[in-house]
Amino acid sequence: TGVTATATNVCVCSLGGASVTCDPSNCSGTTPLKYVSVAVTVPFISVFNYPWMPSLPSMTTTSMVRVQ
């Protein structure tokens with residue numbers, strides 16, 4: 001419970017490049033590379049409490065996969 005996932009479309013003109021809108025005119029006429037990025041946030045509940053370990057409200061991870 002409390003898990004959230006957010007998916008977004010991302011386009012770049014070349015591998016490792018900055019994201020752009022998915023319009024070929026932004027990539028000098030070439031087809032932009034299309035990716036889907038998914039960020040998942042999970043509430044963090046520790047089994048044990050340690051005074052030296054900070055309390056984390058949640059953990060987030062992001063994954064990206066090329067779709068075209």
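**Entry 1: surface patch**

I take a patch to be made of residues with over 30% relative accessible area and no salt bridge, with nonpolar side chains joined within 5 Å. The model I am reading is predicted. I found a patch formed by V47, F48, Y50, W52 and M53. Together these residues have about 610 Å² of accessible area.

M53 lies in the loop between β3 and β4, and β4 covers residues 58-66. Its relative accessibility is 31%, so I log M53 as partly exposed.

**Entry 2: disulfide count**

How many disulfides does a search of the whole structure find? I get two. Counting bonded cysteines along the chain, I write the pattern as 1-3, 2-4.

**Entry 3: C11 and C22**

I took the pair C11 and C22, which a disulfide joins at an S to S distance of 1.7 Å. The pair links distant parts of the chain, eleven residues apart. I place C11 in strand β1, residues 4-12. C22 sits in the loop between β2 (19-20) and β3 (33-43).

Next I checked the handedness. The torsion about the S-S bond of C11 and C22 is about 95°, so I note this disulfide as right-handed.

Is C11 buried or exposed? C11 has 1% relative accessibility and counts as buried. The cut-off for buried is under 20%.

**Entry 4: C13 and C27**

I moved on to C13 and C27, which form a disulfide with their sulfur atoms 2.1 Å apart. This pair also links distant parts of the chain, 14 residues apart. C13 is in the loop between β1 and β2. C27 is in the loop between β2 and β3.

Which hand does the disulfide of C13 and C27 have? The torsion about its S-S bond is about -80°, so I record it as left-handed.

I looked up the accessibility of both ends. C13 is at 32% and counts as partly exposed. C27 is at 5% and counts as buried.

**Entry 5: S28**

I checked the backbone at S28. S28 is not a glycine, yet I read a positive phi of about 55°. I place S28 in the loop between β2 and β3. Its relative accessible area is 75%, and exposed means over 50%, so S28 goes down as exposed.

Definitions and conventions: Residues numbered from 1 in each chain as written. Predicted model: local features only at pLDDT ≥ 70, side-chain atom pairs only at ≥ 80, totals over all residues. Heavy atoms only, no water. Disulfide = S-S within 2.5 Å. Helix = DSSP H or I, 4+ residues; strand = E, 2+ residues; numbered from the N terminus. Buried < 20%, exposed > 50% of the residue type's maximum accessible area, 1.4 Å probe, protein only. Patch = residues over 30% accessible without salt bridge, like charges linked within 9 Å, V, L, I, M, F, W, Y side chains within 5 Å. Areas by Shrake-Rupley, 256 points an atom, 1.4 Å probe, with all protein chains shown as cover. Salt bridge = Lys/Arg side-chain N within 4 Å of Asp/Glu carboxyl O.
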